[in-house]
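Subject: A structure to look at, with notes

Dear colleague,

I am passing on a structure for you to look through, and below it I have written down what was found in it. Please keep the view open while you read, so that each residue can be looked up as it comes along.

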Amino acid sequence: MINEQETLLFVKELGRLLKDYQNCSNASVKSEIYKDIVLLSNVIQLDHVNVSYA
């Protein structure tokens, strides 16, 4: 499980990746950026799914 500080870093990086994706004109690079966005989004989402509120 990732901690709060790591989650914030991942969200920041996700923002950077989204900007890079929007500004990228190279289709193959854009595809790789998209894969990174999906991966990072899944990591963040999975962490929130596994949170225990007990």
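Being three residues apart in helix α1, Arg16 and Glu13 are separated by about one helical turn. Their side chains meet in a salt bridge, with 3.2 Å from N to O; a salt bridge here is a side-chain nitrogen of Lys or Arg within 4 Å of a carboxyl oxygen of Asp or Glu. Arg16 is partly exposed at a relative accessible area of 45%, and Glu13 is partly exposed as well, at 31%. For these words, buried means under 20% relative accessible area, exposed means over 50%, and partly exposed lies in between, with a 1.4 Å probe and protein chains only.

Before going further, please note that this is a predicted model, in which local features need pLDDT of at least 70 and side-chain atom pairs count only at pLDDT 80 or more, while totals for chains, interfaces and linings use all residues. Residues are numbered from 1 along each chain as its sequence is written, and side-chain values use heavy atoms, with hydrogens and water left out.

The overall picture

The protein has two helices and zero strands, where helices (H or I, at least four residues) and strands (E, at least two) are DSSP runs numbered from the N terminus. Of its 54 residues, 19% count as buried. The protein exposes about 4500 Å², and carbon and sulfur atoms supply 56% of that area; accessible areas come from the Shrake-Rupley method with a 1.4 Å probe, and for residues only the protein chains shown count as cover.

The second salt bridge

The count of salt bridges comes to two, and the other partner pair is Glu32 with Lys35, whose closest N and O atoms are 3.2 Å apart. Glu32 and Lys35 are three residues apart in helix α2, and therefore separated by about one helical turn. Glu32 counts as partly exposed at 44% relative accessibility, and Lys35 counts as partly exposed at 46%.

The core

Which residues make up the largest nonpolar core? There are seven of them, namely Leu14, Leu17, Cys24, Ile33, Ile37, Leu40 and Ile44, and the elements that give two or more residues to this core are α1 and α2. Helix α2 gives the most, with four residues. A nonpolar core is a set of buried Ala, Val, Leu, Ile, Met, Phe, Trp, Tyr and Cys residues joined through side-chain atoms within 4.5 Å.

Leu40 has its place in helix α2 and is buried, with a relative accessible area of 13%. Leaving aside neighbours within four places in sequence, Leu40 is in contact (heavy atoms within 4.5 Å) with Phe10, Glu13, Leu14 and Leu17. Leu40 and Glu13 are 27 residues apart in sequence, yet 8.5 Å apart in space from C-alpha to C-alpha. Ile37, another member of the core, touches Leu14, Leu17, Leu18 and Tyr21 when residues up to four places away in sequence are not counted.

The aromatic pair

A pair of aromatic rings is described by the distance of the centres and the angle of the planes. Rings of Phe, Tyr and Trp (its six-membered ring) pair if their centres lie within 6.5 Å, and planes under 30 degrees apart count as stacked, over 60 as edge-to-face and the rest as tilted. By this rule the count comes to one aromatic pair. The rings of Tyr21 and Tyr34 have centres 6.1 Å apart and planes at 45°, so the pair is tilted. This pair links distant parts of the chain, with Tyr21 in helix α1 (residues 4-23) and Tyr34 in helix α2 (residues 27-49), 13 residues apart. Tyr21 counts as partly exposed at 28% relative accessibility, and Tyr34 is partly exposed with a relative accessible area of 48%.

The charged end of Lys30 sits over the ring of Tyr21, 4.7 Å from its centre, where the rule asks for NZ of Lys or CZ of Arg within 6 Å of the ring centre and within 35 degrees of the ring normal. Leaving aside neighbours within four places in sequence, Tyr21 is in contact with Lys30, Ile33, Tyr34 and Ile37.

With best wishes
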